[in-house]
Amino acid sequence: MANARFLLRPRWLLSHLLVALLIFAMINLGLWQLRRLDERRERNDLIESRQSQPVTPVDELVAPGAGDAAVSEARYRPATATGTYDDEATVVVRNRTQDGVAGAWLVTPLALPSGEQVGVIRGFVGLRSDGTAVDAPLPAGEVTVEGIVVDPARLDGTAPRDLEPLLATDATLPVLVLAGSSTPAEPSAGEEGGSRADSILPVPRPELGEGPHFSYAMKWFIFTAIAIIGYPLVLRRVLARRGKEVDDTDDLDRELDELARHGG
């Protein structure tokens, strides 16, 4: 076996450092996925516990100007709201996808008898050829919607920014209602997963699955194990190959010495 001191040369030290950093990064990515899994499980437990509570008028759960604590306490609670829609104040929440189709959410404020209003996520619509959201006519007259409370600040993408104008007024509740049913029904309502271009489809409630976090974590840990086991094996092969080269060189030197002696 060749002398291993060459593995302490700068080029090899850099290789050792890069492998160590890679192992460190992969371990942390695996742990991050496990933390995401714990967060997902906590969220699922919260949703299940909140949705077992009775359906409550949304304006009894949270008031205009309520702080983050009150909004967090109301999140995922089953809620109902009765009033009339303000069609002119409908907000289009862009960059939404559903069942693999690009589209938008239509969020329309519902004026409550108390004089307050709450934004209702009425549903998902597709896009026209020019990229604008499809119009969906509103139910006429007084409407009662039932769904769950959503914290708009926790929505992803452009949603929080798109909703800022709607939520900025003093009389608006700082939450949304994700509509599960509407009485009367949306005039152009389609079934979830439908494909009619002019339909407004119900937006699904948050899924309670655990997602791919555990499998992703296991993949990162497997990659880590491969690096930890594989890199020393690679170094061993390098040492063995270098040792063979040294032995071959020594054999050649001995043969040349022997020829030199006989030639002399």
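Predicted model: local features only at pLDDT ≥ 70, side-chain atom pairs only at ≥ 80, totals over all residues.
User: Let's start with the hairpin of strand 4 and strand 5: how many residues lie between the strands, and which residue in the turn has a positive phi?

Analyst: First, the general idea: strands are DSSP runs of E at least two residues long, helices are runs of H or I of at least four, and both are numbered from the N terminus. Two strands count as paired if DSSP finds at least two bridges between them. Here, five residues separate strand 4 from strand 5, and Gly115 in the turn has a positive phi of about 95°. The two strands, with strand 5 covering residues 117–126, pair in the antiparallel sense over nine bridges.

Residues are numbered from 1 along each chain as its sequence is written, and side-chain values use heavy atoms, with hydrogens and water left out.

User: Which sense does the pairing of strand 3 and strand 4 take, and over how many bridges?

Analyst: Strand 3 (residues 91–98) and strand 4 (residues 101–111) are antiparallel, with six bridges. Among the facing residues, Gln98 is opposite Val101, and Val92 is opposite Leu106. This hairpin has two residues between its strands, and Asp99 takes a positive phi near 55°.

User: How many bridges join strand 2 to strand 4?

Analyst: Two, and strand 2 (residues 78–85) runs antiparallel to strand 4. Tyr85 has Leu110 as its bridge partner there.

User: Is strand 4 mostly covered or mostly open?

Analyst: For this you need a burial scale: buried is under 20% relative accessible area, exposed is over 50%, and partly exposed is in between (1.4 Å probe, protein chains only). Strand 4 is mostly covered, with eight of its eleven residues buried. Across the chain, 36% of the 264 residues count as buried. As a general point, the side chains of a regular strand alternate between the two faces of the sheet.

User: Which residues of the largest nonpolar core touch the most other members?

Analyst: A nonpolar core is a set of buried Ala, Val, Leu, Ile, Met, Phe, Trp, Tyr and Cys residues joined through side-chain atoms within 4.5 Å. The largest one has 20 residues, and Val58, Leu110, Val118 and Val145 touch the most other members. Elements giving two or more residues to this core include helix 2 (58–61), helix 3 (68–74) and strand 6 (143–150). Strand 7 gives the most, four residues. Another core, of 18 residues, lies apart from it, with Leu163, Leu166, Leu178 and Leu201 among its members.

User: Where is Val145 found, and what is it in contact with?

Analyst: Val145 is in strand 6, and it counts as buried because its relative accessibility is 1%. For contacts, the test is heavy atoms within 4.5 Å. Leaving out neighbours within four places in sequence, Val145 contacts residues including Ala79, Tyr85, Leu110, Val120 and Val177. Its C-alpha is 9.0 Å from that of Arg122, 23 residues away along the chain.

User: What does Arg122 do with its charged end?

Analyst: The rule is that a charge sits over a ring if NZ of Lys or CZ of Arg is within 6 Å of the ring centre and within 35 degrees of the ring normal. The charged end of Arg122 sits over the ring of Tyr85, 5.7 Å from its centre. Arg96 likewise lies over the face of Trp105, at 4.8 Å from the ring centre.

User: How many aromatic pairs are there?

Analyst: Rings of Phe, Tyr and Trp (its six-membered ring) pair if their centres lie within 6.5 Å, and planes under 30 degrees apart are stacked, over 60 edge-to-face, the rest tilted. That gives one aromatic pair. Trp220 is partly exposed at 27% relative accessible area, and Phe223 is partly exposed at 40%.
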